[in-house]
Structure formats: C-alpha cells, structure tokens
Amino acid sequence: MLENFGPIIQDYLLKGGFLILSGVYIIFLIVVLQQAKAMKRVIDAGPVSNLLIYFALANILVGILIFVAALVIL
Amino acid sequence: MPDIFIDQDPQDAPPIQSETSESLEKPAEKKQVPLTGMHNKHELLKSLGMKSHGGGLHALSSYFEDPSKVNFTNKLDEEILLLFLRRHFLTNLPWFLKAFALSLIPVIFEVLSTFGFFSSNFTDPTGKLLVYGFYYFFVLSGYIFVNYMTWFYNISLVTNIRIIDIDYSEIVFEHVDATKLSQVEDVGYKQIGILRSIFDYGDVHLQTAGTVTNFEFLAVPHPENVIRIINNLLGRTPHA
C-alpha cells in the first residue's frame, strides 16, 4: 500500500519545493526592485536607471505568474 | 637764453618704445578659469581639454566627459559634473560567459537524457516546461540582471569640487565616498596586462590627505585622460 504513496509524495515534494523556491525568489526580486529605486536616488544615470526599475518590476510580475502557474499546473 | 645742453632727468624721461620691449617682459600667464560658476562651464571644459557630448549616457557607457544629464544626491548648486566613470565593459566578460554556460545546462541535461544517460522524466512535459522556464528566468533576472546592475551602479564621478566614488555590490551593499579636490595629494594609474593595454583601461589611484579614505577607480577606460583631467583640476585648487 505504501508503494502507491511514493509518486504522490514525490509530486507534493516537487510542487512544495518549487513553490517555496519561487516564493523566496519573488522576495529576492522585491529587494532588487527596492535597491534599484534606492540607487536611482543616489545617482540618476539617465533613462537607463528608469529602465532598470521597470525591468525589476517586470521580473516580479513574471515571478508571480510562474508561482501561480506552478500552483495550478504542478 | 635757454640752455639747450641741459640733460633731462632720466626719471622724467618717457620710456623708450621699441619692438623688443614686449619680448623682454615676463611671459603672460595662462588665463586660469575659476572652478566654480555654471557660466564658466564651457570655458572650464575647454581649458581641461574635454569634449561636451550633450550629456546623454547610453546603457553601456563607461567613460563620459560632461555628463550633464546625470544627477546625484547632495549635488551642490555650483558643482559641475566633469567626468563619469565605470569599469570598462570588457570586465563583464567573466559573468557573461558564466551566464552563457548556465543557460546551456538544461539543453545538455535534455541531450544526455535522449542518449539514455539518465531520465529527465521527473514530471510531466508541462511541468518540465515550467521548471525550465523558471530556470531561464532565474538565470536571466537573477544572474544577468543583478550582475549588470552591480556594474551599472559602480560609478566614480569627478566634479569641479569633489571626487565621488559609489560602490555597489551584492544587492544590499552600497557605499558612497567623497572627497574635496583640495584633499587629494597624489594621483597615479596602473595599466598591467595585455587586455588592459589593447582596450586601454586601468586602475586610477588617488591618495588623499590624512585619514581620509584613498580612492581607487578600478578598470576605468582611458586612465591617462582621467589623470590628466584630475591633475589639471588639482592645479587650480587651493590646497587646504
């Protein structure tokens, strides 16, 4: 009977591990965004500084998208 | 009858005008442009032998003269930004190659699994796509973006009043140092290695007076130009 639980546990481990990893990664990306904003305040090196902030923001959105997709698909 | 032979007092005599009189005088001193005052900006740039490019930096700029569109915190009203420096773009090559190698890992993994070295069926195809998608997103945003940002915000600035060094690394470390030009005592640069000689970049060292931190602009392009400009500025600054 325990043999049937093997793949289920494996699936849950994969899903749980992936969700934790992507969740932690989203937090890291939020820190990156905050730092991009902070550095822009220290030195505004033209339009590229704004571009970095937008890219960091886009990364967070993609990260959330992956997190939600993992929640549904895996 | 007036005595026409009375000699004139030499002190009252007008100076003798001749073509050689100017050449005997001391040579005229070169006009020193004051370091402060925005109206003097173009004169100052010209006297330092610098070019004005209109101020616009691009995403890969590592050496820029007169970056007028750049702003930094605590900028003084009469402060003119003269030089904007970053590490040479070539110094990004190591992490760029590492990112390329990292991006090949899933491909190698899949190729090896098709030859039967090991199974890549850890989940269904949709799940696998998601895991690989996350991996590439991780490499792109986590590794390339953070390394680029670290390079982008490691900046050194030379103004008509100060020298500013902004260090930024590992996302959470930022360190800003500034010193007045009058505190700078010694300037020098090092350019060792084939790549540095070919692409003309090197380390500039600024020794400052007393306990003030010494400055190092590492791997900046055209170090001899940087030294020339700073030396010219130091020549005009009254030392403390």
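**View 1. Pairing of strands β7 and β8 in chain B of the predicted model.** Strand β7 (residues 184–190) of chain B pairs with strand β8 (residues 201–208) of chain B in the antiparallel sense, over six bridges. Strands are DSSP runs (E, at least two residues) and helices are likewise DSSP runs (H or I, at least four), numbered from the N terminus; two strands pair if DSSP finds at least two bridges between them. B:Tyr189 has B:Val204 in β8(B) as its bridge partner. This is a predicted model, in which local features need pLDDT of at least 70 and side-chain atom pairs count only at pLDDT 80 or more, while totals for chains, interfaces and linings use all residues. Residues are numbered from 1 along each chain as its sequence is written, and chains are lettered from A and ligands numbered from 1 in the order in which they are written.

**View 2. Pairing of strands β8 and β9 in chain B.** β8(B) also pairs in the antiparallel sense with strand β9 (residues 215–221) of chain B, over five bridges. The bridge partner of B:His205 is B:Glu216 in β9(B).

**View 3. Strand pairing between chains A and B.** Strand β1 (residues 43–44) of chain A and β2(B) form an antiparallel pair over two bridges. Here A:Ile43 stands opposite B:Phe72 of β2(B).

**View 4. The side of chain B that touches chain A.** The contact takes 26 residues from chain A and 29 residues from chain B, where two residues are in contact if their C-beta atoms, placed from the backbone, lie within 7 Å. On the side of chain B that touches chain A, β2 (71–72), α4 (125–152), β5 (162–169) and β6 (173–180) of chain B each supply at least two residues. α4(B) gives the most, with 13 residues.
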